[in-house]
Amino acid sequence: MAGKFSNSDTVFMDRALQLAERGMYTTTPNPRVGCVIVKDGRIIGEGWHEKAGEPHAEVMALRSSVGAGSTPSNATAYVTLEPCSHFGRTPPCADALIAGAVSRVVVAMKDPNPLVAGSGIEKLRAAGIEVDCGLRAEQATELNIGFVTRMRCGRPWIRTKIACSLDGKTALANGQSQWITGAQARADGHRWRASSCAVLTGIGTVFDDNPRLTVRDAPYIQTPLRQPLRVIVDSDLRMPFDAAALASRALIACARIDSGRKAALESAGAEVVALPNAEGKVDLERLLQALAARGINEVLVEAGARLNGALLAAGLVDELLLYQAPVILGTDARGMFAGAALTVLNNASQWRIVERRILGTDSFFRTRRADESARRA
């Protein structure tokens, strides 16, 4: 695959990926996409997709080239995701590239969306445009891991964020947890909130901490701040009517509907859905499928040991974000995951560390399931 791409191809695709990252906090439910138009070895146009309903990266790059007094005819377009071939909120990007008379398109990865899934590349080739695919595919996939997971698996990518002590505790026995980690770690957590489509927690955390679940420490976001959807797992519909999480968009998933409480919560601005499982609890897999149907790509879980453990046991956690403070809370403090005790060490779920950083006095570890690639295939 690498043999058909030149060093300059790689340089230009890397630039397109940098542009795509500018949509990190704004494009949901659409993927993050960047595009570079190159002619005679020089970039004449650049663009990225910023927000659903607005022009896609290819159109922005084509406009940029024309605005700069250049013409894209016989140029090469470097795109981080296969140009779309269907009419959605905007016209097909493949048609825009054809109309622009580019001679070659280099695509990082095929679009996993069944509405595209290779048809954009076919349309370009049918128009006589040379198309090469696969340059920086891994990086492009990583940039849109939630979108890819939603399209391939029918559920969002799930990250569980946990602040813990050196002995793996998340709160004192009385529930007090603010604050185990320092300011830098908490600010980094807000960055993950900002890139997520939804933040998921349980009713226990609502009672213990009354969290807002909003993005607040976000000076890195230059465009208007988009708040993630708040999702609360509340089997018995005990949600307080004055909970801080109800201040803006909130979805409450329950197992049993009390019509009076449902009406009161909806009057407070929440949406209530019943998704019971056979045990009388919220069916977590159905909940994630329902979120995917709403265009939710990435979910950040900020919950207690019970919900964390339930998601882990169901095989629904893709990534762990661990912020570890240099403190020890002791045996009686609360742990990270509730669940049945293992009797065989080989049955422990296997994870791999993909990133580690120091944040002030705290350590950050980002880990993924060892079988991640197979799970997303």
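Two strands are said to pair if DSSP finds at least two bridges between them, and helices (H or I, at least four residues) and strands (E, at least two) are DSSP runs, numbered from the N terminus. This is a predicted model, in which local features need pLDDT of at least 70 and side-chain atom pairs count only at pLDDT 80 or more, while totals for chains, interfaces and linings use all residues. Residues are numbered from 1 along each chain as its sequence is written, and side-chain values use heavy atoms, with hydrogens and water left out.

**View A. Pairing of strands β12 and β14.** Strand β12 (residues 319–324) joins strand β14 (residues 362–369) through 6 bridges in the antiparallel sense. Tyr 323 lies opposite Phe 364 of β14.

**View B. The open sheet of 9 strands.** The strand order is β10-β9-β8-β7-β11-β6-β12-β14-β13, with mixed pairing. At the edges, β10 (270–274) and β13 (351–359) each pair on one side only.

**View C. Helix α6 on the sheet.** Helix α6 (residues 145–153) touches β6 (157–164), β11 (298–301) and β14; contact means heavy atoms within 4.5 Å. The direction of α6 makes about 130° with that of β6; axes are lines fitted to C-alpha atoms, for helices over the stretch in contact, and angles run from 0 to 180 degrees between N-to-C directions.

**View D. Buried residues of helix α1.** The buried residues of α1 pack against elements including β1 (34–39), β2 (42–48) and α5 (137–143).

How values were computed
Buried means under 20% relative accessible area, exposed over 50%, partly exposed in between (1.4 Å probe, protein chains only).
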